[in-house]
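Try each task before reading its solution.

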Amino acid sequence: MILTSPIFWFGLLVVGVVLLIVVNKIGLLNNTVVAVAVSAMIALAYFHLVNHYLMDMQGLDYWYLFRK
């Protein structure tokens, strides 16, 4: 499945960063909807990469951090 592939999330992160640079040069970063969409794309991809490489490989889950 493509959503579980770290290559997909790395690609999405790269696309998000390139989109951020392009949107900033065009001047659309002042638009709240565009800024939130690009930021959410980058944050979601980064979270999934960290979850895969730092936590799943050690047998941990993200919600493990919030256990008491």
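**Exercise 1. Find what the buried residues of α2 pack against.**

Solution. The buried residues of α2 pack against α1. Contact here means heavy atoms within 4.5 Å. Buried means under 20% relative accessible area, with a 1.4 Å probe and protein chains only. Next, name the residues: A35, V38, A45, L49, N51 and M55 are buried in α2. This is a predicted model, where local features need pLDDT of at least 70, side-chain atom pairs count only at pLDDT 80 or more, and totals for chains, interfaces and linings use all residues. Residues are numbered from 1 along each chain as its sequence is written, and side-chain values use heavy atoms, leaving out hydrogens and water.

**Exercise 2. Count the helices and strands in the protein chain.**

Solution. The chain has 2 helices and 0 strands. Both kinds are DSSP runs: helices (H or I) need at least four residues, strands (E) at least two, numbered from the N terminus. Helix α1 covers residues 6-26 and includes F10.

**Exercise 3. Check the span of helix α2.**

Solution. Helix α2 holds 24 residues, 32-55. The expected span is 1.5 Å times one less than the number of residues. Now look at the start of α2: a side-chain oxygen of N31 comes within 3.2 Å of the backbone nitrogen of V33.

**Exercise 4. What share of the protein chain is buried?**

Solution. Of its 68 residues, 16% count as buried.

Key:
Buried < 20%, exposed > 50% of the residue type's maximum accessible area, 1.4 Å probe, protein only. Polar contact = N/O pair within 3.5 Å; in protein donor to acceptor, adjacent residues only side chain to side chain.
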